[in-house]
Amino acid sequence: MESSSSLLHHSYFTYFNPRKLGKPSFSYPLMPKLRTRKPTRICSSKMYVPGFGEASPEAKAAKHLHDFFTYVAVRIVSAQLESYNPEAYLELREFLETNSVSDGDKFCAALMRRSSRHMNLALRILEVRSAYCKNDFEWDNLQRLAFKNVDRSNTKLMREYVLETSHVETDTDK
């Protein structure tokens, strides 16, 4: 019987690669494989949406929601301040007159740099924005409403087009 030290491990031997059935090719399992072609794109059943650069439509929608959450947080904080801190409420209203909330991060950054009192307002807005997004926003309801609105709008537009192009009398025409 041979000693185990004189035997080579089975992976050092070449073996037939059955995947390439026309021509025999051999592979060496312990040797690194060299890529001879570029990686192929993974096929997906989803639609390709051109024109968004490196961001997906979902990333663009997330950015808009992010800014919207800032707007909602400003409204919440403003309503809270109106009832228990009228002075801070007026300061926030004055700031809103000169600064747009359309870019939420830009708005909060400008508010933070105004003064230490404004810094506290900005921190409160950031806190409320995060809490609203994570705890109070109804994500399932958003999806349901988006589906419903798209379906309703598509049906309405198609109905209007058919009525316009078919010249069919409707009940209201009689």
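Reader: Is Leu121 buried or exposed?

Author: This is a predicted model, so every value here is computed from it. Buried means under 20% relative accessible area. Leu121 has 6% relative accessibility, so Leu121 counts as buried. Leu121 sits in helix α4.

Reader: Which residues does Leu121 touch, leaving out those up to four places away in sequence?

Author: A contact needs heavy atoms within 4.5 Å. With those sequence neighbours left out, Leu121 touches Leu81, Ala88, Leu92 and Leu111. Take Leu81: Leu121 and Leu81 are 40 residues apart along the chain. Their C-alpha atoms are separated by 9.6 Å.

Reader: How do helices α2 and α4 pack?

Author: Look at the angle between the axes. Helix α2 spans residues 86-98, and helix α4 spans residues 116-136. They pack at about 85°, with axes 11 Å apart. Angles of 65 to 115 degrees count as roughly perpendicular. Therefore α2 and α4 are roughly perpendicular to each other.

Reader: Which residues make that contact?

Author: From α2 come Glu87, Ala88, Glu91 and Leu92. From α4 come Arg117, His118, Leu121 and Ile125. By class, the contact has four nonpolar, one polar and three charged residues.

Reader: What about Glu91: buried or exposed?

Author: Apply the 20% cut-off again. Glu91 has a relative accessible area of 18%, so Glu91 is buried. Glu91 lies in helix α2. Leaving out residues up to four places away in sequence, Glu91 touches Arg117 and His118.

Reader: Which residues touch the most other members of the largest nonpolar core?

Author: A nonpolar core joins buried residues through side-chain atoms within 4.5 Å. The largest one here has 17 residues. Leu81, Leu92, Phe107, Leu111 and Ile125 touch the most other members. Helices α1 (57-84), α2, α3 (104-114) and α4 each give two or more residues to this core. The most come from α2, which gives five.

Reader: What does Leu92 touch, with residues up to four places away in sequence not counted?

Author: Leu92 touches Val74, Val77, Ser78, Leu81, Leu111, Leu121 and Ile125 on that count. Leu92 also belongs to the contact of α2 with α4.

Reader: How many disulfides does the structure hold?

Author: A disulfide is a covalent bond between the sulfur atoms of two cysteines. This structure holds zero. Still, cysteines can be read by accessibility. Cys108 is at 3%, so Cys108 counts as buried. Cys133 is at 25%, so Cys133 is partly exposed.

How values were computed. Residues are numbered from 1 along each chain as its sequence is written. This is a predicted model: local features need pLDDT of at least 70, side-chain atom pairs count only at pLDDT 80 or more; totals for chains, interfaces and linings use all residues. Side-chain values use heavy atoms; hydrogens and water are left out. Axes are lines fitted to C-alpha atoms, for helices over the stretch in contact, and angles run from 0 to 180 degrees between N-to-C directions. Helices (H or I, at least four residues) and strands (E, at least two) are DSSP runs, numbered from the N terminus. Angles under 35 degrees count as roughly parallel, over 145 as roughly antiparallel, 65 to 115 as roughly perpendicular and the rest as oblique. Ala, Val, Leu, Ile, Met, Phe, Trp, Tyr, Cys and Pro count as nonpolar, Asp, Glu, Lys and Arg as charged, and the others, Gly among them, as polar. Buried means under 20% relative accessible area, exposed over 50%, partly exposed in between (1.4 Å probe, protein chains only). A disulfide is a pair of cysteine sulfur atoms within 2.5 Å.
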